[in-house]
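These are my notebook entries on one protein structure. I record what I looked up, entry by entry.

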Amino acid sequence: MNKKKYTLLLLLAALLLLPVAANAQKDLKIQEVFQRYGKNRNVTMVELSNEMLETYGMTHYKSITIKEDAEALRFVRRCLATDQEGARKIKEVTDGGGVISAYYQMPSKEADINRFILFKVSKKGVITLVYIEGDLDSDDLITLLFTKKDL
């Protein structure tokens, strides 16, 4: 296969798979956080590959870490406030009137697929936002978070 055909085939495959990844959070306001800040300076965004996802019983994992950005923190909190409506609050910690740590289970879109949002602001002002979906339940996720250091 020549290089042009191979490149075209890869591009076509990426375009076909793009809607699947984009739809994972389509109904959530936090998707705007990933879109707005994902390519900014002092930001780290991670999306796991299918091989890694299967290892942990997930179908989608996306995280973003934003360093010391007050405007971003306000924006993330507004998005979380919208998304937490209808969610099961597993844990939420506030300080000074603002959420500093949260763990929400979102309503499922598909049978046997659970969706979670995790959020934390460190004492140094580093914002971490994580979106996870898969067949793992809340207890599985807690176990995974506290036993695996490579996520």
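What share of the contacts in the protein chain with a separation of 6 or more is accounted for by residues 24 or more positions apart? I found that such residues account for 49% of these contacts, a contact being heavy atoms within 4.5 Å.

Entry on the model. I note that this is a predicted model, in which local features need pLDDT of at least 70, side-chain atom pairs count only at pLDDT 80 or more, and totals for chains, interfaces and linings use all residues. Residues are numbered from 1 along each chain as its sequence is written, and side-chain values use heavy atoms, with hydrogens and water left out.

Entry on the elements. I looked up the secondary structure and found 5 helices and 6 strands in the protein chain. Helices (H or I, at least four residues) and strands (E, at least two) are DSSP runs, numbered from the N terminus. Read from the N terminus, their order is α-α-β-α-β-α-β-β-β-β-α.

Buried means under 20% relative accessible area, exposed over 50%, and partly exposed in between, with a 1.4 Å probe and protein chains only. The accessible surface of the protein chain is about 9800 Å², and carbon and sulfur atoms hold 54% of that surface. The areas come from the Shrake-Rupley method with a 1.4 Å probe; for residues, only the protein chains shown count as cover.

I then looked up a nonpolar surface patch and found that I142, L145 and F146 make one of about 280 Å². Patches are made of residues with over 30% relative accessible area and no salt bridge; like charges are joined within 9 Å, and nonpolar side chains (Val, Leu, Ile, Met, Phe, Trp, Tyr) within 5 Å. F146 belongs to helix 5 (residues 138-147). With a relative accessible area of 63%, F146 is exposed.

Entry on the rings. I searched the whole structure for aromatic pairs and found 2. Rings of Phe, Tyr and Trp (its six-membered ring) pair if their centres lie within 6.5 Å; planes under 30 degrees apart count as stacked, over 60 as edge-to-face and the rest as tilted. The ring centres of Y103 and F116 are 6.1 Å apart and the planes stand at 45°, so this pair is tilted. Y103 lies in strand 4 (residues 98-106) and F116 in strand 5 (residues 114-121), 13 residues apart. Is Y103 buried or exposed? I found Y103 buried, at 6% relative accessible area, and F116 buried, at 0%.

I also noted that the charged end of R36 sits over the ring of F75, 3.8 Å from the ring centre. The criterion is NZ of Lys or CZ of Arg within 6 Å of the ring centre and within 35 degrees of the ring normal.

Entry on the salt bridges. How many salt bridges does a search of the whole structure find? I found 5, each being a side-chain nitrogen of Lys or Arg within 4 Å of a carboxyl oxygen of Asp or Glu.

One of them joins K62 and E47 at 4.0 Å, N to O. K62 is in strand 2 (residues 58-66) and E47 in strand 1 (residues 43-47), so the pair ties together parts 15 residues apart in sequence. K62 counts as buried at 16% relative accessibility, whereas E47 counts as partly exposed at 43%.

Another salt bridge links E32 with K29, with the closest N and O atoms 3.1 Å apart. E32 is partly exposed at 27% relative accessibility, and K29 is partly exposed at 31%.
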